[in-house]
Amino acid sequence: MSDYIAEPFRIKMVEPLRMTTREEREAAIEKANYNMFALPGKDVYIDLLTDSGTNAMSDAQWAGMMIGDESYAGSSSYYKLRDAVQDIFGYRYGQPVHQGRAAEKVLFPCLLKEGQYSVSNTHFDTTRGHVGLCKATPIDLVTKEALDTEKDYPFKGNMDVDKLENFIREKGADNIGVIIMTITNNSAGGQPVSLANMRQVAAVARQYDIVLNIDAARFAENAMFIKQREKDCEDRSIQDITREMFSYADCFTMSGKKDGIVNIGGLIGVKEDEDLFTKVQSMTVPLEGFVTYGGLAGRDLEALSIGLYEALDEDYLEYRLGQIRYLGDILRKGGIPIQYPTGGHAIFVDARKVLPHIPFYEFPGQALVIETYLEGGVRGCDIGSYMLDPDPETGEQPEAEMEFARFCIPRRVYTQAHLDHIARTLIAIKDKADSLKGYRIVWQPKVLRHFTAKLQPLE
Ligand code: F0G
């Protein structure tokens with residue numbers, strides 16, 4: 001039997017879900033042009049599209065919403081959040097923004113010049129997008145272990161430090177605007193980065209005098225993996241590990257919608273560089289709003305400052321990582337290939353292995369996601385070739401390194417029985433995988449097509 005770590009909370013408010021029949025789901029997905037993002041939430045039973053902003057807030061956070069200070073300038077909720085940033089991360093400066101991509105929008109133009117490179121263990125899509133908007137080029141150098149989904153390796157989120165050094169030498173340090181460590185590494189499967197790896201990357205960044213930024217969306221889940229897996233860390237607190245992790249970087253961008261356990265919010269942190277922070281502040285005003293609210297309501301600042309502390313709670317983190325592991329264990333026993341060991345926020349099913357007869361240009365990840373919806377009302381998303389826009393010059397479809405169907409688990413939202421339903425749904429699909437067909441795109445926009453493209457099943 002797989003272990004399920006019982007919830008360290010109880011439920012005091014519920015949100016009813018609508019149960020649907022397969023016929024209803026067939027009609028709904030056809031109407032949505034086989035695009036999961038076009039599907040109305042009310043037609044979904046278990047929504048695993050993302051863990052971003054889909055979290056359940058605590059009673060303390062809801063209470064905080066009522067006392068949020070809505071002053072335009074100098075809100076006490078802003079000071080509370082700033083103090084939390086100083087306390088948790090050990091950074092002098094914290095700037096609220098409305099979400100993670102807003103942090104990128106404000107910070108990256110302060111770091112990146114046209115023609116430069118941004119080097120990362122893996123850029124998340126919006127991160128990649130904002131690097132591109134600075135007319136810079138994003139380069140991903142994840143450790144090779146991440147590419148083998150079966151390989152049992154504790155830190156599949158790590159940067160390949162040799163490749164990093166070679167890249168810097170080849171291009172010249174002046175041409176690298178920033179190094180970004182995404183913790184956990186979302187695109188590699190929510191996989192953690194070790195302290196040892198961060199230390200090595202920081203040494204390289206210092207040696208070549210390159211700014212090191214942390215994409216901190218899932219910093220607490222990453223710290224818990226370090227506690228569970230890294231040598232000499234089992235007796236350290238999450239706070240202590242977090243402090244050390246952040247001490248190696250110069251700044252961070254954070255979507256608060258993940259480990260901030262809120263529905264909206266984000267942060268920029270700057271360790272000590274006053275000039276950089278002044279630039280951040282002056283960019284924030286026109287792009288996001290005055291510096292003491294940064295595009296958020298006072299109540300949102302309040303909820304985020306409470307959520308950041310709740311995310312450090314070890315009982316919560318053990319349950320949280322335990323949920324993903326539990327689901328992953330059942331799936332593996334049921335013969336579903338996944339990125340293993342499981343990451344911190346999602347199950348990444350290896351769609352290439354489940355549907356070997358569907359070529360990348362017929363989108364196996366998307367085919368699997370659609371069938372999961374039809375089978376059990378569960379919504380996930382493709383992280384594979386369907387997500388990659390065609391080459392702007394040749395129009396050719398690039399092939400993704402991995403074809404994943406991603407099923408994210410929102411924080412504190414679904415129960416063990418929900419996870420069992422998800423597992424049953426995926427295992428049932430395995431038995432008829434041969435009969436599944438691929439998809440073709442009948443309409444797409446020029447960029448970020450996966451959000452709005454229209455698809456048709458192939459005969
Ligand atoms: N960085 C990482 C690692 C992320 O996973 C995300 C969002 C962002 C930055 C951007 O943050 O959404 O608040 O603007 N990830 C979500 C996801 C959308 O589904 O993985 P945001």
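## A quick tour of the fold

The protein has 15 helices and 14 strands, counted as DSSP runs (helices are H or I with at least four residues, strands are E with at least two) and numbered from the N terminus. This is a predicted model, where local features need pLDDT of at least 70, side-chain atom pairs count only at pLDDT 80 or more, and totals for chains, interfaces and linings use all residues. Residues are numbered from 1 along each chain as its sequence is written, and side-chain values use heavy atoms, leaving out hydrogens and water.

**Overall size**

- Along its principal axes, the C-alpha trace spans about 60 × 55 × 45 Å.
- A compact globule with 459 residues would have a radius of gyration near 23 Å, and the protein agrees with its 21 Å; the radius is taken over C-alpha atoms, and the globule rule is 2.2 Å times the number of residues to the power 0.38.
- Buried residues make up 59% of the 459 residues; buried means under 20% relative accessible area, exposed over 50%, and partly exposed in between (1.4 Å probe, protein chains only).

**Salt bridges**

- A search of the whole structure turns up 31 salt bridges, each one a side-chain nitrogen of Lys or Arg within 4 Å of a carboxyl oxygen of Asp or Glu.
- Arg22 and Glu371 pair up at 3.2 Å, N to O. Arg22 sits in helix 1 and Glu371 in helix 14 (residues 364-376), so this pair ties together parts 349 residues apart in sequence.
- Arg22 is partly exposed at 27% relative accessible area, while Glu371 is buried at 8%.
- Asp47 and Arg379 meet at 2.8 Å, N to O.
- Asp47 counts as partly exposed at 23% relative accessibility, and Arg379 as buried at 6%.
- Lys42 bridges to Asp43, with the closest N and O atoms 3.1 Å apart; Lys42 is exposed at 55%, but Asp43 is buried at 10%.
- Asp51, Arg218, Glu221, Asp259, Arg320 and Arg411 are linked in a whole network of salt bridges.

**A nonpolar surface patch**

- Phe37, Val447, Leu448 and Phe451 form a nonpolar patch on the surface, with about 360 Å² of accessible area together.
- Patch members have over 30% relative accessible area and no salt bridge, with nonpolar side chains (Val, Leu, Ile, Met, Phe, Trp, Tyr) joined within 5 Å and like charges within 9 Å; areas come from the Shrake-Rupley method with a 1.4 Å probe.
- Phe37 lies in the loop between helix 1 (22-31) and strand 1 (46-47), and is partly exposed at 32%.
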